Amino acid sequence: MLNAVHGPDRFPVDVERLAVEYSSNVFPNDPITKIVPRDFPDFDGILRKGNGQGEGWRIGYSTRITSRGRIRFTIAHEFGHYLVHRLKYPDGVSCTPEDLAIWDSEYNRVEAEANLFAASLLMPLDAFRRAIPDSMDATFSDLNEVARQFGVSLTAATLRWLGYTQKRALLVVSKDDFVLWSKPSRPALRSGAFIRTAGLSPKAVPPASPIRCNPNYADIDDPVRHRPGIWLNEEVLEYPLVIDQYELGMSLLLLQNASPVAEIDEEPVEDAFDHFMKPNQR
Ligand SMILES: [Zn+2]
């Protein structure tokens with residue numbers, strides 16, 4: 001619909017205006033009326049219904065978020081809650097930084113749906129795939145460029161790419177030299193190349209990684225090739241990045257495309273992307 005109205009060169013999406021205009025056009029008795037920054041101690045974003053008659057819904061985003069890309073993603077995420085979840089949660093929802101960062105439905109299906117909505121709204125697959133084709137080995141430089149084009153964070157652009165690429169790759173996010181979470185592309189997952197964190201004792205970032213003990217590392221164009229046994233049981237090309245502002249380390253691990261291990265027989269757990277997309281759109 002947005003492509004038809006605005007044409008293909010319509011990025012970055014004006015998410016504030018879209019949320020207010022679309023909701024007032026389609027749900028005139030129950031629209032989004034305000035989008036405001038607020039000093040939340042624990043949340044990145046909230047969706048709340050106003051108290052008075054006809055006050056409609058409000059989206060609030062934390063004043064702690066300074067990146068415009070993350071603010072836009074938070075608003076799009078709350079807009080997703082408004083469209084998909086407001087009847088089920090009439091008192092609204094409150095979303096933590098983790099709710100917005102972890103896109104797997106195993107973590108939380110409602111949050112995964114809001115993240116998938118936000119990703120689809122801000123980075124539609126047709127346009128995003130034109131920027132980074134399925135068969136391209138993307139680096140942080142490439143993803144940074146696309147993140148700017150679509151007005152999103154580097155993390156959001158990387159997760160979007162990992163959702164459809166034919167390449168075997170993983171994003172690893174760490175803090176204080178321990179892995180917080182990791183997201184493999186589907187071909188990586190299917191070949192057994194992934195890093196489990198849920199329910200396990202924390203995994204340390206390997207000493208050979210450039211982000212280990214190196215809070216100022218920022219040379220994203222200088223990858224390091226690791227032998228098997230460092231990150232995974234195979235050779236890995238690591239693009240490192242440390243985001244000072246959030247004290248997070250990010251590693252983009254690119255693997256050789258041919259799978260060195262047998263395919264895993266069982267089907268991977270369905271993620272929100274599978275759940276949301278109709279079979280003919282997958
Ligand atoms: Zn949420």
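**Zinc site and surroundings**

Author: Start with His81: in this predicted model its relative accessibility is 0%, so His81 counts as buried.

Reader: What is His81 doing at the zinc ion, and which other residues coordinate the zinc ion?

Author: His81 coordinates the zinc ion through NE2.

Reader: Which arrangement do the 4 donor atoms make?

Author: Tetrahedral, because the angles they subtend at the zinc ion are 91 to 132 degrees.

Reader: How are the donor residues spaced in sequence?

Author: The pattern is H-x3-H-x13-C-x15-E.

Reader: Which parts does the pair His81 and Cys95 tie together?

Author: His81 lies in helix H3 and Cys95 in strand E4, residues 93-95, so the pair links parts that are 14 residues apart in sequence.

Reader: Is Cys95 buried or exposed?

Author: Buried; the relative accessible area of Cys95 is 0%.

Reader: Back to H3. How many residues does it have, and what is its reach?

Author: Helix H3 covers residues 68-85, which is 18 residues. From first C-alpha to last it spans 25 Å, close to the 26 Å expected at 1.5 Å a residue.

Reader: How many residues of H3 are buried?

Author: 14 of the 18, so H3 is largely enclosed by the rest of the structure.

Reader: Different topic. Where is His226?

Author: His226 sits in strand E7, residues 224-226.

Reader: Buried or exposed, for His226?

Author: His226 is buried, at a relative accessible area of 5%. The cut-off for buried is under 20%.

Reader: With which side chain does the side chain of His226 make a polar contact?

Author: With that of Glu238, at 2.6 Å.

Reader: And which residues does His226 touch, leaving out those up to four places away in sequence?

Author: Ala208, Ser209 and Pro210 are among them, and so are Trp231, Glu235 and Val236. Glu238 is also in that list, as well as being the polar partner of His226.

Reader: Now the whole chain. How many helices and strands?

Author: The protein chain has 10 helices and 9 strands.

Reader: What percentage of the residues count as buried?

Author: 49% of the 282 residues.

Reader: What about contacts between residues 24 or more positions apart?

Author: They make up 59% of the chain's contacts with a separation of 6 or more.

Key: Residues are numbered from 1 along each chain as its sequence is written. This is a predicted model: local features need pLDDT of at least 70, side-chain atom pairs count only at pLDDT 80 or more; totals for chains, interfaces and linings use all residues. Side-chain values use heavy atoms; hydrogens and water are left out. Helices (H or I, at least four residues) and strands (E, at least two) are DSSP runs, numbered from the N terminus. The expected span of a helix is 1.5 Å times one less than its number of residues. Buried means under 20% relative accessible area, exposed over 50%, partly exposed in between (1.4 Å probe, protein chains only). Donors are N, O and S atoms within 2.8 Å of the metal (3.2 Å for Na, K and Ca); water is not among the atoms, so sites may look incomplete. Four donors count as tetrahedral if all angles lie between 85 and 135 degrees; four count as square planar and six as octahedral if opposite donors are over 155 degrees apart and all others between 65 and 115; anything else is irregular. A polar contact is a pair of N or O atoms within 3.5 Å; within protein, one must be able to donate a hydrogen and the other to accept it, and residues adjacent in sequence count only if both atoms are side-chain atoms. Contact means heavy atoms within 4.5 Å.
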